[in-house]
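Visitor: I'm new to looking at protein models. Could you walk me through this one?

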Amino acid sequence: MIDATAHCLARYGIGGTSVRTICAEAGVSAGLLRHYFAGIDELVAETYADVGDRLVANMIAAADNAGPDPREQLRAFVMASFKPPIADPDLLATWLTFWSLIKSDARIRELHTENYASHRRPVERMVAEILGPEASHVDVRLTAVGVTALVDGLWLELCLDASSFTPEEAARIADKWLNTLVGDPLKVLAD
C-alpha cells in the first residue's frame, strides 16, 4: 500500500489521492487499508518515512560500496542522487506532494526534520573524516548542509528538466563544489 500511495501521490498529488485511488492502485479493498492504517493521513506519513528511508539507504549503500576512502564515499553518496532510482521525475512528484504538506501537517513536518537529519548525518561523518580532528563541529555541520543543498538543487533541476544538463554534468559540478568544500581534488565522474 505504501508503494501504491507513492505512485498515487506522484500521479494525482495530494488532492487527487484518496483511499479509493490508493486501494485501486494496490488492488486491495478499502477495508484492508483501514485494517493497517488509521486513515489516509497515517498512510501518507508512513509513505513519506518509507520513501525517505529508501533514498537514504540507497545513498549510504553507494558510499559503502566506494571503499574506505571518505572522499570517495562522499562522492559516491552525492553522485547516487543523479542516477536511478533517485533521479526520477515520479519521485520528484511524490516529494513535491510531501513538501507541500510540511506547513500544514505536523506529522509530515516532523518526518521532514527526521529525513533531513538522516540524510545529513552520513555526510557529516564523511566530512568530519575528510577534514580531520582540527575541524570544528560548526564547520562540519555547515559543510554537510552545503553538500546537501548542492545535491538537492542539482537533483531537483535534473528531475524537472533533464534537457538542461546531464547526470554526468551534474556530477562534474558536484565534484568541483566538493573539492571547494572539502579540499583535495576528487576524481571526475568516469561513467
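Guide: Let's start with a definition: helices (H or I, at least four residues) and strands (E, at least two) are DSSP runs, numbered from the N terminus. This is a predicted model, where local features need pLDDT of at least 70, side-chain atom pairs count only at pLDDT 80 or more, and totals for chains, interfaces and linings use all residues. Residues are numbered from 1 along each chain as its sequence is written, and side-chain values use heavy atoms, with hydrogens and water left out.

Visitor: How many helices and strands does the protein have?
Guide: Read along the sequence, the pattern is α-α-α-α-α-α-α-α-α. Counted up, that gives nine helices and zero strands.

Visitor: What percentage of the residues in the protein is buried?
Guide: Buried means under 20% relative accessible area, exposed means over 50%, and partly exposed lies in between (1.4 Å probe, protein chains only). The protein has 191 residues, and the buried share of them is 43%.

Visitor: At what angle do the axes of α4 and α5 cross?
Guide: Axes here are lines fitted to C-alpha atoms, for helices over the stretch in contact, and angles run from 0 to 180 degrees between N-to-C directions. Helix α4 covers residues 40–64 and helix α5 covers residues 70–79. Their axes come within 7 Å, and the crossing angle is roughly 145°.

Visitor: Which residues in α5 meet α4?
Guide: Contact means heavy atoms within 4.5 Å. On the α4 side, look for Met59, Ile60, Ala62 and Ala63. Their partners in α5 are Gln73, Ala76 and Phe77.

Visitor: Is Asn115 buried or exposed, and which residues does it touch?
Guide: Find Asn115 in helix α7. Its relative accessible area is 16%, so Asn115 is buried. Leaving out residues up to four places away in sequence, Asn115 touches Gly52, Asp53 and Trp95.

Visitor: How far apart in space are Gly39 and Trp95?
Guide: Gly39 is in the loop between α3 (30–36) and α4. Gly39 counts as buried because its relative accessibility is 19%. Gly39 and Trp95 are 56 residues apart in sequence, and from C-alpha to C-alpha the gap is 20 Å.

Visitor: What separates the C-alpha atoms of Gly31 and Glu134?
Guide: Gly31 is in helix α3, and Gly31 is partly exposed, with a relative accessible area of 46%. Along the chain, Gly31 and Glu134 are 103 residues apart, and their C-alpha atoms are separated by 58 Å.

Visitor: Which residues does a cis peptide bond join?
Guide: Head for the loop between α5 and α6 (89–101), where Pro85 is found. The omega angle of the cis bond is about 5°, and the residues joined are Pro84 and Pro85.
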